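Here is a protein chain to walk through, from the overall fold down to one helix. Keep the structure open as you read.

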Amino acid sequence: MSSNVPKTTDILVTDTQDDLAKIKEETRLFIKPFTLIQDGMTSENTIVIPQSSSSKESLPHSAQLEELADDTPGRLTTWSQVFVSSLLVFNGFGYFSAFGLFESHWVEVLDSSPADIAWVGSLSLFLLFFLGTLSGPLMDRGHFRSIVVVGCAAQLLGVFSTSAVSQYWQLILAQGLVQGIGNGLLFTPCVALVSVYFTKNRAFALSLAACGAPIGGLIFPTITRQLAGPIGYPWTIRVMGFIMLFNSILILALGRPKKFKKDRRPLLEPRAFKEIVYLLFAIGLFFTLWGVYIAYFYTSTYGQSVIGISESDALTLLIILNAVGVPGRVIPAFLADRYFGLFNTMLPFVAGASILLFAWMRVESPAAFYVWVALYGICSNAVQTLFPSTLSSLVTDPSKTGQRVGMVFAVGSLACLTGPPLAGVLIGLGGGSYKYLQVFGGVSVAVGFLVLTISRLCQIRRM
């Protein structure tokens with residue numbers, strides 16, 4: 001008797017096979033209007049239709065990404081990777097965020113010009129982005145732990161060597177080259193580490209990780225303020241190095257990247273730039289980064305030489321610039337995930353950064369400068385948080401996240417290498433005036449905003 005009664009599972013399988021095409025078509029028609037608003041996924045097939053394990057390879061990349069995602073709150077391994085990534089950012093960008101403080105110190109101690117010292121920071125920032133072309137693909141191949149060991153070792157060697165610097169070339173070698181190599185090996189993996197774990201809340205997760213930068217930008221200047229007088233700059237820098245050493249131990253203990261098939265793909269994939277959205281995003285990011293980091297280099301020197309504030313007040317301004325980075329990173333990312341989408345949220349902050357760089361020319365009093373620093377800190381930190389999230393959302397194959405992110409970072413690295421020193425040259429051409437610098441920064445970011453907007457429009461049309 002039981003043989004004549006069809007099983008419930010048989011009925012469900014038969015119905016699913018018969019109606020699968022109809023379900024897919026109805027789903028596509030239903031979600032298509034909303035893809036113009038929520039741009040975290042660019043493919044129309046964002047709803048995953050259950051399939052047998054034998055057909056997983058035929059899933060679209062967006063479905064593969066959903067399958068890889070494991071962002072359920074409370075999952076210790078998943079959220080611990082956000083913590084690991086924040087420590088990586090703390091040691092890299094957090095330390096770099098205090099460069100304005102170091103610039104004022106080294107200008108005085110080494111008797112160098114601001115433009116000369118800016119080359120040190122721009123070299124370090126260049127390597128931070130450029131080496132993503134190497135570290136990203138290596139992470140995709142499963143070499144995360146090896147990259148972290150080498151990167152952390154280089155960071156620590158750079159910091160402790162900086163504490164013994166007495167000449168300009170030593171500063172270039174220690175803080176510019178060696179520490180820059182360490183930062184570059186670690187930055188792209190920290191973005192990819194979080195990106196492959198999260199899809200629904202990717203921007204928010206990356207923003208939490210990115211908070212390592214403003215937190216470091218608060219802690220390192222505060223350490224300097226409290227310790228530089230009593231124990232001197234060399235031992236103050238060594239204290240920072242010991243903090244980074246402790247963080248490195250935690251990173252090695254807790255880092256657990258997702259594993260992909262270790263196929264030997266090339267470090268670069270030039271054909272990716274044939275994708276118009278990806279290409280325009282890379283160009284727009286170049287112009288944006290060309291101007292947006294200028295304030296981090298010259299806030300302290302502008303405050304002291306133009307506004308007339310003390311060195312202690314200049315340090316306070318640097319702390320404010322980084323302090324507003326916490327809400328400036330978390331709130332925009334929350335809005336991006338919940339309401340507007342990554343690309344749509346990033347664009348207004350890019351425009352805001354450009355407007356504020358132009359407005360910088362009218363800042364002439366300490367009170368106005370404090371307000372300007374706070375507003376610019378919000379916009380610049382939002383841009384720094386949202387552009388990696390937006391970039392990773394353009395990558396439809398999660399196993400190529402490190403490679404694709406690293407390639408665009410390499411483009412942006414050229415802007416980081418040339419922007420701050422060029423700004424220093426413009427100060428010299430202006431006879432000490434910052435007007436040329438401010439115009440250059442505003443125009444550069446405005447061009448970046450225009451190109452990024454075109455990239456977004458092309459993405460919408462492609463949908």
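A residue counts as buried when its relative accessible area is under 20%, and as exposed when that area is over 50%; anything in between is partly exposed. Keep these cut-offs in mind for what follows. The model is a predicted one.

Start with the whole chain. The protein chain has 19 helices and 0 strands. It is made of 463 residues, and 55% of them count as buried. Among contacts with a separation of 6 or more, 83% join residues 24 or more positions apart. The accessible surface comes to about 19,300 Å². Carbon and sulfur atoms hold 67% of that surface.

Next, pick out helix α8, which covers residues 168-195. How far apart should its ends be? At 1.5 Å a residue, its 28 residues should span 40 Å. Is α8 enclosed or open to the outside? Of its 28 residues, 21 are buried, so α8 is largely enclosed by the rest of the structure.

Finish with the cysteines. A disulfide is a covalent bond between the sulfur atoms of two cysteines. How many disulfides does the whole structure hold? The search finds 0. Cys211 has a relative accessible area of 7%, which is under 20%, so Cys211 is buried.

Notes: Residues are numbered from 1 along each chain as its sequence is written. This is a predicted model: local features need pLDDT of at least 70, side-chain atom pairs count only at pLDDT 80 or more; totals for chains, interfaces and linings use all residues. Side-chain values use heavy atoms; hydrogens and water are left out. Helices (H or I, at least four residues) and strands (E, at least two) are DSSP runs, numbered from the N terminus. Buried means under 20% relative accessible area, exposed over 50%, partly exposed in between (1.4 Å probe, protein chains only). Contact means heavy atoms within 4.5 Å. Accessible areas come from the Shrake-Rupley method with a 1.4 Å probe; for residues, only the protein chains shown count as cover. A disulfide is a pair of cysteine sulfur atoms within 2.5 Å. The expected span of a helix is 1.5 Å times one less than its number of residues.
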